[in-house]
Each structure stands twice: as structure tokens, then as C-alpha cells.
There are 2 protein chains.
Amino acid sequence: MDLLAEFPELAKKGGKVLLVVLDGVGGLPRNPGGETELAAARTPNLDALAREAALGLFTPVAPGITPGSGPGHLSLFGYDPFRYRVGRGVLSALGIGVRLGPGDVAVRGNLATLDESGRVKDRRAGRPSTEENRRVLEKIAARVKEIEGVRVELYPESEHRFVLVLRGEGLGDAVSDTDPQQVGVLPREAVARDEASAKTARVLNRFVELAREALKDEPRINGVLLRGVSKRPDFPRLPELLGLKAAALASYPMYRGLAELVGMEPLNIPELEEDPDRPRGKLVALKEAWDDYDLFYLHFKKTDTAGEDGNFEEKVRRIELFDGLLPELLALSPDVLVITGDHSTPAVMRSHSWHPVPLLLKGPYLRSDLAARFTEDEAARGSLGHLVGPVVMPLALAHAGWLGKYGA
Amino acid sequence: MDLLAEFPELAKKGGKVLLVVLDGVGGLPRNPGGETELAAARTPNLDALAREAALGLFTPVAPGITPGSGPGHLSLFGYDPFRYRVGRGVLSALGIGVRLGPGDVAVRGNLATLDESGRVKDRRAGRPSTEENRRVLEKIAARVKEIEGVRVELYPESEHRFVLVLRGEGLGDAVSDTDPQQVGVLPREAVARDEASAKTARVLNRFVELAREALKDEPRINGVLLRGVSKRPDFPRLPELLGLKAAALASYPMYRGLAELVGMEPLNIPELEEDPDRPRGKLVALKEAWDDYDLFYLHFKKTDTAGEDGNFEEKVRRIELFDGLLPELLALSPDVLVITGDHSTPAVMRSHSWHPVPLLLKGPYLRSDLAARFTEDEAARGSLGHLVGPVVMPLALAHAGWLGKYGA
């Protein structure tokens, strides 16, 4: 069942919705029975809000499934991440802000070390520095500009990662990976799974050859492994489904790109001095755009970054910083305010996790609720219960009046 | 996944189930933190029952989705409302008690105002009185009795609404609406989406023409808009799936019709003097039929009506009236008793809503439960948790012994 498919029939005019995503905000205690990052944080504003809001827990994808940023956000936007899939290549391109046209193909690449017989020795070429990455990519780019009339673009990511973009005519994306995902074996041929993708496979195989030639004198980085051959998916656009205008306030390209995939407009965030992370810039942009949109997605990244770094105290500090911004958000008086995360990133795990995240909903049609703080434990006692899958957006839209009755 | 499809494999003989539906019983407080209708009601019998029953919350369709009576009831009966769809025309026909044979087509109609150029000026013709509705429908009916050998029947609903039924041979229902759902544009042609529906489309387009001719001297109601062209769906029948007998005790045609769609027998409700709403008539009929059926669906409408009217006190009173009847239901000693709603209808919203409804289950195999009253807040603490979708019926049937082990 895809609720999105029902939206056009249900659509009616509603009020303003502000969806705040504290990336990876869910956490774990450092010691059994101890406080999570949210519980350890001093959050007087969030506490006051929690007492008059409805809380619950939210599992973005499914129990036991650790969401990447893509699926976590798609779920928040109302898109079932099992139905609405974004290829690895496209996600990587979004992540570094590379724009993709409808005919372009994006591929995630690894710089790799191959042995004398061409077998994979190290799938990550010893994790080179990003400068090293740049240097060898330029070497490849100097050698390969076009294949069969298809433009070949290379973009470095961190360490061994890069993105390959093909722009040209007649490029399908049903092509297998060349990355064998193990060492001691030969890289695979790219194989087309349908006729429309035959050219893409040929171009990729030729690219791999040319890259090896370009890197033949390199001591360590002498091959490339490709995976996630994909085109920008053509998702239904939330604003069109409901007749609303939606804006995204996010700095990182990945989140701006994901928001764009579902039809939100990523707004420019002004860079303010002494505000390198631009949370204040986002507030400035939000206030300026407030009258022009119905739905706002406001993203804060650093809670996740601190969690990934295993820095419990820094994650606590980032939560407290958000708490300080909260009064300005409340002053905008959104009809519905949602605060949650796209997944948990417990500092003790130094990674995303499958744990549910706290969900807070403030709106005009709430029942009473016992949860007194925006923490994992309190949210578990909240009146929204434990929500699973892409239901936060429908719930927020319903509270704001955008969804009419289903069936007579 | 459709649990119904598994029922025949699982079926075994069980005990008596009584499913009580207090229509739209879920509510909201009038002021933040205040009491809902259920919390405000004095319900000593329900309170006592709640202490020895299991409670939970129930979202009939999906979070954020406001169920119409059709989807809400289908969910209660165990039918996924996204899989088992009832067309708008058929629902309207059920709602006024018009019987449909398997070949008949039902259409929901609006009396409308068109401007000189034939464009839609008012989709509801200024919401005429029901008497006015009757008068113009008779005018159309006098002009149109049959088209291409197809019998054309017209039934007034309230205000601008009517039901059109076509009875004849070779009528498909894959036909688009003529209602453009907006003003300032021409009504659409009815278009067949398959060959089997070509005749239906022709008949409907001819009907629209003839109706305009019949109404050409009317100052305000001078056109008709049609939508929801549909035939009675052929659902699997719950009683046949499980080898049980099921009876429906409901007064309103809509609910009798919905129960019939899933294979329940709507029983005659005696009209007793000084009991215009017939709650007591339903009890008389229930007691009389008690030995002859396994599953009983008992419907009370007025909680919803009071909610739709925005009448908090009247909804409270209706809940209290039901509480007064409860001892008689308990005296029948059903093996499993379920009390819930098909959706919420908070008086403060004057409409159906997406909020979950309390669910009470009394049976022989219960765990302990903290919920002490049949209210939204208490139900949120209940041992059944928060159930979403068409799972109340399987749960009730399991408790009564109708469902055997799935898999060895």
C-alpha cells in the first residue's frame, strides 16, 4: 500500500507544517541504565514544548533496519523507502551536489589496488587521502573525456570514493557492478540487464580499461571498481500530489538533493560570519520564506556528525544548541511542528543504528500525553505510540488539515 | 499481505463473538489537556468491564488517514480498505438502501449550476433543500426512463446529492467522472477505460444531455455532475472463509449494506415505540438471534452524529446511554466481546478524524492490563498496544477460537 498514491484524492488546503530533522538524534546510554545524549542534554525549551505536545517513537524503515540518510529521509517525506529507491550512484552524486539530468547515469566508484594478475588486492587502495584521490582522478580525467559520444565526468569524494557521471544519449541504468565486493578475484565485467543499457555497459567497461591504462605507473591506486549504476528516479512530487509549496532548509548537498527528489525547493542558506555550520543562516532563510511556502523541512546535521565521531559530549552540545534556537521556531507559530530524526546515531556505536528515534508533534488536535521531555524514554510513553515506516508526513499533514476523508 | 486469504486454511470452530461499533466514538478534549467525550462520560459499566478486559488503541486505516464509514468498517470486518475498495456510487447506493444486482452500475450525482456557456458555476447548486432535490429529480425521471434498453433510476440524497442506478445488460464500470471537481470549466465527457464499459459511458453521456434538457427552465439547478461509476464489488465472504454465521444489527442502510458486502446477514430491527433510534430494538433482535449465529456486528450511530454536529454533551450522553445497555450485552455472555469505533469523530472537529480509537477486548485468554477505563488515554496504556489496519477481526476471531495455527 502506498499512501502517496491516495494523496491527490484526499488533498485539501491546510496550514503550515514545519518538519525539523535533527540528523541521527536518537542515541544510547554510555553505560547500561544511564542517560542517552538527549537525556543528558539541558533542554529547557524542548522540555516545555514536550509537555504540551504529543510524543512517540518512530522507526523510519523497519525494526532492525539501520537507515542510511536516503531511506531515513524518504520515510520522513512520506515515501516508502522499499518502494522508492535511489541508486547508490545517484545518492553519491546528490551527496556532493552534482546535478543529474533525466538521461544521465551516476556510478559510485572506488579507487582500488589490483595485483599483477589484475585481481583485487585492496578494494579501498589503502584509503588514500582526499588530495591523493583528486590527483589520480585528474590523471584519469586527462585520459578519458568521452566514450562513444558519452561525456565522462569524475568527482572526488573522501578517501577512496569517487562519483562517475555519464551524460549522453541512450544510456540505460540496468547494469551490474564491476566491484566484486571481495579481494583475490578479478573485477567483474559490467553487464547490461536490458537492451537499453547495452551502451552504458560498453562505456563503463571501456572506462575501466582506460582508467587502468592511465594509472599503470601508480604504485598503489591502479584500478577502479564501480557499483550502483543508476539514474535520477522520477518520484511523484509531494507538492504536486497535494497542491502545496514545500521548501527545504538544509546545507549539505545530500539533503538538498533528497528534498529536491520529492519536489521540495532547496532554499539558499546565507553564510553568516561566525556561523560556519549555518544553523542561524537557516533560520534567517526560514523566516524570509515563511509566507511563501506551506511545508518546511529544516535539517540540522551536526547531531549525526558528533554521533559518528563517537563524541557523546559534542552531540549533547549540538542538541543544546538546537534547544537555544527553538524559541525562534516557535515564534513563527507553525500550525504543525514536528521534531524528530531520520535515524539514531548513538555516540557509543559511532554509526547510524536501527533504534527508533523520538518524535514530537505539536498541533491543534492533540490528546493528552504523559511524555514530559524529548528523550527516548519519555517518547516511549507518548500518545503517538511507536510509528513504523513512512507515516510521519501523513500524520503531520493530517494534523495541519491537508488530508481529507478516505472513502465516504 | 491479506490475512483473509489465509483464513480458509486456518479455520476451526470457535465461540461467539460480539463486535460492538460505537460509530466515531474517539474524540478530543475541548481544551488542551482536558477530557475527551469518553473521559467526560459517566460510564460505570464500561469502567468495570475495562478493568477486566484488555485495551488498546486502533487506527483503522493508516496513521494520518481519516476513514470514511466504508473504509473504517471494512477494516473492522478484517478487510484491508486499500485492497477492498467500494466505489463512491456503490457506497452512496448502500447509504440509502438501494439494492444492487451484480450487473448494476451505481453513480454518485451532484445537482449543479452551469453558466450560459455550460461551464460549472456551482458544483452543489447552492445546496438545495432535499425537497427541491426531489422535485428536480422527478422532473429528470419523467424525461429519462431508459437509454439503449438500460433502465435509469434516480434516488435523492440530502441537499445536492443523488444516486443514479443503471440496470441492464453489458454495463462495465470502468468509466471516468463527468464531475471536473472545479468551477469555471465544462463538465467532462464520461469516457470508457475498457471496451466492456463503452455502453455505460454512452448511456451516462446521453443521460447528462437529457437531464440538461429536462432542467433547461430551472433557474439554479440546471445540470448534473457524475462520479464514482461503480458496481457492487464481489468480496470474499467472511462467513464462507471460516464456516461461521454472521449477523449485522444496524439500522442505517450504509452499515447494513457494508455488512452484507462481507457476507453478514443484516437482521430486521423491530421498531419499538418510544425508541426512535432503535438501540433497544437492536438488543431485542440480538437476543432473538443469539443462538443462530456465531459472529454479531452491533452498530450504534448516534455517537458519530453528535460528533459531526459538534455537540460534545450529546456525544457524552450517547456514550452514557450505551453504558446503560452494556449489562444486557454482558448477560448474553459472548465468548469474545469487542467494543471500539470505526474512526474518531471529535466534537471539536465536527468531522471524522485520523485519531486512533479505543479498543476493548474481553475474552478468556487475556494478559493483565493497566487500563482502567474505556478512554483514549487509558487505552493508550492497554496491553493490546496500538493496532493499525484490518487486525481487530483476526484478533477477536483468534480469541474466540476460530483461527488455528499458521504453518506447522
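Visitor: How many bridges join β3(A) to strand β7 (residues 161-167) of chain A, and in which sense do the two run?

Guide: Strands are DSSP runs of E of at least two residues, numbered from the N terminus, and two of them pair if DSSP finds at least two bridges between them. Here β3(A) and β7(A) run antiparallel and are joined by six bridges. This is a predicted model, in which local features need pLDDT of at least 70, side-chain atom pairs count only at pLDDT 80 or more, and totals for chains, interfaces and linings use all residues. Residues are numbered from 1 along each chain as written, chains are lettered from A and ligands numbered from 1 in written order, and side-chain values use heavy atoms, without hydrogens and water.

Visitor: Which residue of β7(A) stands opposite A:Ala106?

Guide: A:Val165 does. A:Ala106 also stands opposite A:Ser230 in β8(A). Strand β8 (residues 223-230) of chain A runs antiparallel to β3(A), with six bridges between them.

Visitor: What do β3(A) and β4(A) form?

Guide: They form a hairpin with five residues between them. Strand β4 covers residues 120-122 of chain A and pairs with β3(A) in the antiparallel sense over two bridges. In the turn, A:Gly118 has a positive phi of about 85°.

Visitor: Why is β3(A) said to be largely enclosed?

Guide: Buried means under 20% relative accessible area (1.4 Å probe, protein chains only). Ten of the ten residues of β3(A), residues 105-114, are buried, so the rest of the structure largely encloses this strand. A:Val105, A:Val107, A:Gly109, A:Leu111 and A:Thr113 point one way from β3(A). A:Ala106, A:Arg108, A:Asn110, A:Ala112 and A:Leu114 point the other way, and they too are buried.

Note on methods: Buried means under 20% relative accessible area, exposed over 50%, partly exposed in between (1.4 Å probe, protein chains only). Helices (H or I, at least four residues) and strands (E, at least two) are DSSP runs, numbered from the N terminus.
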